[in-house]
Amino acid sequence: MSIFLGLLAGMTLLGQADAGTLYARDFQGEFAPKGSCAMPTEHWVFTARDVTQGKIACQVASLSSQDGHVVVATRNCTKNGQPLPDRHYSLDLMSEDIVKVQVGETASLLQRCPTNR
């Protein structure tokens, strides 16, 4: 019986993707509120190194996964060159092209922008 439980636990661990894999697969790219992909000032851009939200730019400090969503901790945030406090972005994949982003108490639904605009 203990061999069976060990195999079951191993399958569960193998079936879970780490935060970096989830972030790269589901969240890296350009997003905007629905209908705003043509307006670059509304864009959110998630890369391996940075998160940009309009005029706010932050460096990715760490990634973690929690309850099915990815948390991006950032550092060295600025807006128009002025320093801002570090931020945490909570990312939830709602559907293939829709992401819910929560920063503090504020949540936004964003759609993935086409790469060939």
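Predicted model: local features only at pLDDT ≥ 70, side-chain atom pairs only at ≥ 80, totals over all residues.
Modeller: Residues are numbered from 1 along each chain as its sequence is written, and side-chain values use heavy atoms, with hydrogens and water left out.

Biologist: What makes Cys 37 and Cys 113 a disulfide?

Modeller: A disulfide is a pair of cysteine sulfur atoms within 2.5 Å. The sulfurs of Cys 37 and Cys 113 are 2.2 Å apart, so the pair passes. Cys 37 sits in the loop between strand S1 (29-32) and strand S2 (44-46), while Cys 113 is in the segment after strand S9 (106-112), 76 residues away. Strands here are DSSP runs of E, at least two residues, and helices are runs of H or I, at least four, numbered from the N terminus.

Biologist: How many disulfides are there by that rule?

Modeller: Two. The other joins Cys 58 to Cys 77, with 2.1 Å from S to S. Cys 58 lies in strand S4 (residues 56-66) and Cys 77 in strand S5 (residues 69-79), so this link ties together parts 19 residues apart in sequence.

Biologist: Why is the disulfide of Cys 58 and Cys 77 called right-handed?

Modeller: Because the torsion about its S-S bond is about 120 degrees. The link of Cys 37 and Cys 113, at -90 degrees, is left-handed.

Biologist: Why does Cys 58 count as buried?

Modeller: Buried means under 20% relative accessible area (exposed is over 50%, partly exposed in between; 1.4 Å probe, protein chains only). Cys 58 has 1%, so it's buried.

Biologist: What puts the buried residues of helix H2 on the same side?

Modeller: In H2 (residues 19-27), the buried ones are Ala 19, Leu 22, Tyr 23, Asp 26 and Phe 27. They cover an arc of only 100 degrees around the axis, so they share one side of H2. That arc is taken from the directions from the helix axis to the C-beta atoms. An α-helix has 3.6 residues a turn, so residues three or four places apart point the same way.
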